[in-house]
Amino acid sequence: MIPTSFVNLPRVTFCQRIPQQVVTASSRRWSCSRRPTTTVQEPRCSSARHFTQSTCRRWELGQGIVEDTVEKRQWKQDEKQGWKSLAVADMPVKDAYPLLTSAIIPRPIAFVSTISSSGIRNLAPMSYFSMISHNPPLVTVSLSLSPRRPKDTRENIKATKEFTVNIISEPFVEAANSCSVEAPDYVDEWVVSGLTPIPSVQVKPPRVKESAVNLECELYDLKDIAPPGTDIPTTTLAIGLIKQIHVRNAVLSSDQKTVDPYRLRPVARLGGNSYSRIDSTFELGRPSWKALKERIDEMMGTVGKK
Ligand SMILES: Cc1cc2nc3c(=O)[nH]c(=O)nc-3n(C[C@H](O)[C@H](O)[C@H](O)COP(=O)(O)O)c2cc1C
């Protein structure tokens, strides 16, 4: 409900409308948030599709969900179906994994290149991956450990303290996926995938020529993580300090300073064996405290107090 005290305040709209709008027949079809989840479409590689409309044309402070579309009304209505609420301590890991990895999405995928201390190359995709800082520039990859076999990526990073992270784009997603084969440590996934190693500048592990963005990393920190109450690690978190960035000119935006997502065509991991691609993007400006202070103070009842 909107508090009556600021119903009559001047309108400040957060949502920016982007003048140019290219909507293809297929992007219109895909734009519906309530499309069936089980639809399997013909295999295809995506072409660049821009759908630059913000989700809401006229959102104002304090409004929560503006019910201006069927989808949004339905979204609100759906809450009445209730919740499934689970205490993680009572859940088997085999149930937590599919639930969490299908809910915390989309996850970018690091294609991690390492070399063992004896010089064997390794390449593997990792979707427990994130950028955690730009100053200093840090990325994390998280290695799930199995009692059955060591994770080569972990052993190599631990031993050599270097790796490269390569962004996976749609044109070589099958080759990247082939590197997730649970193979013994003598297997060189570069050979299995047919991808091309090219020398890095500051670290020994090569970078992937087919990838449009390569990050050369030095190990910043490594942390073994054990479930509460045990001391047997099930995960190793590796934090990498980015030392060198390589970007193909062909994926740069016209400003030459940023990467164009439609040119990069990254894939992201969803639950199970599902992936997503970027078919549409939208712009949403960040709120400015300076512009909104007066209105927010009215909402808080803190006018003149702070
Ligand atoms: C898309 C994708 C994402 C993956 N993400 C991870 C991950 O974040 N952490 C992990 O330990 N394994 C992950 N895996 C599984 C590893 O790639 C797989 O265990 C691989 O064999 C590890 O290789 P290595 O032992 O040579 O390091 C992922 C697999 C795929 C296909």
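In the predicted model, R107 stands opposite R269 of strand β11. Two strands meet here: β1 and β11, the latter covering residues 267-269, run antiparallel and are joined by 2 bridges. Both belong to an open sheet of 3 strands, in which the order is β1-β11-β12 and the pairing is antiparallel. The edges of this sheet are formed by β1 (107-108) and β12 (275-277), each of which pairs on one side only. In general, the strands of a sheet pair through backbone hydrogen bonds, in either a parallel or an antiparallel manner.

The protein as a whole contains 8 helices and 12 strands. Of its 306 residues, 19% count as buried. Among contacts between residues at least 6 apart in sequence, 67% join residues at least 24 apart.

The largest nonpolar core comprises 29 residues, and those with the most contacts inside it are A110, F111, V112, V141 and V165. Two or more residues of this core come from each of β2 (110-115), β3, β5, β6 (162-167), β9 (213-225) and β10 (235-247). When residues up to four places away in sequence are left out, A110 touches M126, F129, V141 and V165.

T153 counts as buried because 22 other C-beta atoms lie within 10 Å, the cut-off for a buried residue being 20 or more. Not counting residues up to four places away in sequence, T153 touches V112, T114, N122, A124 and L143. T153 and A124 are 29 residues apart in sequence, while their C-alpha atoms are 7.3 Å apart in space.

Several features of the backbone were also computed. A cis peptide bond joins I105 and P106, with omega about -15°. P106 lies in the loop between α3 (93-103) and β1. Another cis peptide bond joins N135 and P136, with omega about 5°, and P136 is placed in the loop between β4 (129-134) and β5.

Positive phi values occur in two residues other than glycine, K161 and Q256. For K161, phi is near 65°, and the residue is in the loop between α4 and β6. K161 counts as partly exposed because it has 16 C-beta neighbours inside 10 Å. Phi of Q256 is likewise near 65°, and Q256 lies in the loop between β10 and α7 (261-264). Q256 has 8 C-beta neighbours inside 10 Å and therefore counts as exposed.

Helix α8 (residues 289-300) spans only 14 Å between its end C-alpha atoms, whereas a straight helix of 12 residues would span 16 Å at 1.5 Å a residue. Just after α8, G301 takes a positive phi of about 70°.

Technical notes. Residues are numbered from 1 along each chain as its sequence is written. This is a predicted model: local features need pLDDT of at least 70, side-chain atom pairs count only at pLDDT 80 or more; totals for chains, interfaces and linings use all residues. Two strands pair if DSSP finds at least two bridges between them. Helices (H or I, at least four residues) and strands (E, at least two) are DSSP runs, numbered from the N terminus. A nonpolar core is a set of buried Ala, Val, Leu, Ile, Met, Phe, Trp, Tyr and Cys residues joined through C-beta atoms within 7 Å. A residue is buried if 20 or more other C-beta atoms lie within 10 Å of its own, exposed if 12 or fewer, and partly exposed in between; C-beta atoms are placed from the backbone. Two residues are in contact if their C-beta atoms, placed from the backbone, lie within 7 Å. The expected span of a helix is 1.5 Å times one less than its number of residues.
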